[in-house]
Amino acid sequence: MSTETRNDFFIYEVFSQKNVTASFAHQFSLLAPNKEVALTMARENFLRREPCFNLWVVKRDDIFGLTPEERPFLERLDNKSYRETKGYGDLQSRWRQHKERYEDQQKQAKSGS
Amino acid sequence: MADMVRVETVEQAKQNQEYVQALADLLFQLADDDFILAYRGSEWLGLAPHIEEDVAFSSMSQDMMGHAVMFYEMLEALGLGKADDIAQLREAKDFRNAILVERKNGAGDYNDNPHYDWAYAIVRSYVYGLHKQVRLEALLQSSYVPLAQVSRKMLTEHRYHLMHWQVWLNQLANSTPDARHKLEAAISLVWEDAGELSDLGPNAEQIVRYGLIAGEELLRQKWLNETKEIFKKAGLNWPGEPGAASERGRAGEHTVDLEQAVATLSEVYRIDPAASW
Amino acid sequence: MQTQMERSDLTENEKMEAFLARIDRGEKIEADDWMPDDYRNQLIKLISMHGISEIMGALPEKEWVPKAPTLRRKLAIMAKVQDEMGHGQLLLRVAEDLMAPLGKTREDLMDDLFTGKLKFHNVFHMEAPTWADAGVIGWLVDGAAIITQTMSLDSSYAPYARALHRICAEEKFHAQHGESIVLDLAEGTEGQRQMLQESITRWWPSLLMFFGPPENGNVTSNQAANMRYKIRTQTNEELRQAFLTKYVPRIFHLGFTLPDDTIHFDEANQKWVYQQPDWEAFKQIVKGNGPRSAHRLNLRETSYEESKWVRDAIMSFGRQAG
């Protein structure tokens, strides 16, 4: 049933920050006629009990993203240990060896004197 | 000027019966204003113009009722009875709210053919809210330290409400001719009662003498100046000096709207006030 | 949201196969993923009904909001009804995104509600004449809702699952709110206990109906489709049995009775045996012929129609401001 004037509001995506050190996180979306109204309604719709330090609303049309077909391309090969701590798992034991060798030398020097 | 500069605790207040009386008179005004307007707000639940706004609007009613509870608890601490009894067992004539906050949201009943007026809701909330802002700021200097402390807490939450009303007033004022017309009609209606907001009641002189809050004229001028500024920014005509209803709510004179409200809000509690609910 | 143009070299059949394979692998479907029309339609039907039921469900409890008997209860029930509206908002948003490719919006949903095309849950067509009903709705109706919603937390449709995670977190508060009201009445005066007993008796058939008619071995094509798509995982009767297991003992622990002398747990079959409610009456109620259907629809429709000027106004402000 379409009436003569329709009020199809716009979709706004709501983002919020829990505290000053937290990153903005997406919450949900709401319908609003403009950004000011969207912002005044945002917290109460999605953060009635959670802490909220700051808020953004973004018109969904203004968000540019990947198609479903493109999303799988985000997957990576598991060959990038050089970027992660797990690629450097040998460091601790190597440092320990150096320390132990040094301490042994010290001990020998003392008993030798 | 003020006879007592600083009263830190309930016990200290209780040493002067006149002080307690003045403090209680003021607290009833503060509590009843917030309580009754929050009650009117709660009647809007599920009926607001847009689902998202329904949710947002309800938070403000809850916050406002939360403020009323804090004031009622201060009355309880003064030995004037349980907060629940104070809120629900008094008769309409014992309420000290301004007439503006007790007016119905529109024709009909909240559960039976409500024909509620959103423009009136916005204007009443905002005009009351602007006055409340001035009042809370004045209370920061109150001689009764616990009152200054709760007022500071309320101010933060209240400023968030004002931001909300600001957006609504501005958008309705600058949208369709129909909305503009409805908004102006609502302003006229609110203006018939708004003058009573800064009335401190029959005991005003003592309230001010004990330094509980600034004088009526000061509150009124500050509030009118702020409101004038807001109206101007929204491009609205200044409606002139606000009037007051023929009943004086601050003196316990009320309309049938409050009688109905009190009957409704205490309906269950009155079945058995001694029971646990 | 904008994306670059979709490349689709696959035939419809291949898409369908790939889709079902995703479901079988336990993957989640997003709003802009390809999905069969049937899957979309099943979701729209389910989620719009769920969403509009939340909105309509706010109304019976709203009757008790201004009357709640203490300051704390007034605040709590206001917050609870607000949550219901909020849940309606979340679910309608999910349904609206699904309907968008069909050119339908929230306004269409509202129209469908007013013309009777979009149905809402049987329980919200019923009367709530006493304060105890506010308690029973929170305790048992929300309890029933938690059971059905929990089942869908792992729904294959990701936006629905995300909305339900938010909703279920708040439903816990609702159930506690209801239990708290009910326990005050149950531990209270004779008058309070009587009020509660009457309410339990009044709501019992509606609570059984809440989960829908039992399958008796004949799962409908709708249900089968929903299960194939992993939109839902349990049958009406399985959900009802879970509800009875959780709540019947509690009702008896409080010393209350049910309007069903036959109800008992059959140890041998590990099933509750109970008197069936009037399923013919159920059909009538859901059609909009319940005791409060017309009244509540009228509340919703009047407030919606009479505030059209508000939506028109803020929309026009938005256009001017660009």
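This is a predicted model: local features need pLDDT of at least 70, side-chain atom pairs count only at pLDDT 80 or more; totals for chains, interfaces and linings use all residues.
Helices, counted here as DSSP runs of H or I with at least four residues, and strands, runs of E with at least two, are numbered from the N terminus.

**View 1. The overall build of chain B.** Chain B holds 11 helices and 2 strands. Follow the sequence and the elements come in the order α-α-α-α-α-β-β-α-α-α-α-α-α. The radius of gyration of chain B is 18 Å, close to the 19 Å that the globule rule gives for 277 residues, so chain B is as compact as a globular protein of that length. Along the principal axes, its C-alpha atoms fill a box of roughly 60 × 45 × 35 Å. Of the 277 residues in chain B, 51% are buried. Among contacts in chain B with a separation of 6 or more, 76% are between residues 24 or more positions apart.

View 2. Leu37(B) sits in helix α2 (residues 17-43) of chain B. Is this residue, Leu37(B), buried or exposed? Leu37(B) has 26 other C-beta atoms within 10 Å, and 20 or more are needed to count as buried, so Leu37(B) is buried. Leaving aside residues up to four places away in sequence, Leu37(B) touches Met64(B), Val101(B) and Tyr128(B).

**View 3. Where chain B meets chain A.** Here 9 residues of chain B are in contact with 10 residues of chain A. On the chain B side, α3 (51-77) and α7 (145-173) each supply at least two residues. The largest share, 5 residues, comes from α3(B). By type, the chain B residues that touch chain A divide into 4 nonpolar, 3 polar and 2 charged.

**View 4. A pair of helices in chain C.** The axes of helix α3 (residues 71-99) and helix α6 (residues 158-186) of chain C come within 10 Å and cross at roughly 165 degrees. An angle over 145 degrees counts as roughly antiparallel, which means that α3(C) is roughly antiparallel to α6(C). The crossing of α3(C) and α6(C) is left-handed. On α3(C), the residues making the contact include Ala76(C), His87(C), Leu90(C), Leu91(C) and Val94(C). On α6(C), they include Tyr160(C), Ala163(C), Ile167(C), Glu170(C) and His174(C). Taken together, the residues of this contact between α3(C) and α6(C) divide into 8 nonpolar, 3 polar and 5 charged.

How values were computed
Residues are numbered from 1 along each chain as its sequence is written. Chains are lettered from A and ligands numbered from 1 in the order in which they are written. Axes are lines fitted to C-alpha atoms, for helices over the stretch in contact, and angles run from 0 to 180 degrees between N-to-C directions. Angles under 35 degrees count as roughly parallel, over 145 as roughly antiparallel, 65 to 115 as roughly perpendicular and the rest as oblique. A crossing is left-handed if the near helix is turned anticlockwise from the far one by less than a right angle, and right-handed if clockwise. Two residues are in contact if their C-beta atoms, placed from the backbone, lie within 7 Å. Ala, Val, Leu, Ile, Met, Phe, Trp, Tyr, Cys and Pro count as nonpolar, Asp, Glu, Lys and Arg as charged, and the others, Gly among them, as polar. The radius of gyration is taken over C-alpha atoms; the globule rule is 2.2 Å times the number of residues to the power 0.38. A residue is buried if 20 or more other C-beta atoms lie within 10 Å of its own, exposed if 12 or fewer, and partly exposed in between; C-beta atoms are placed from the backbone.
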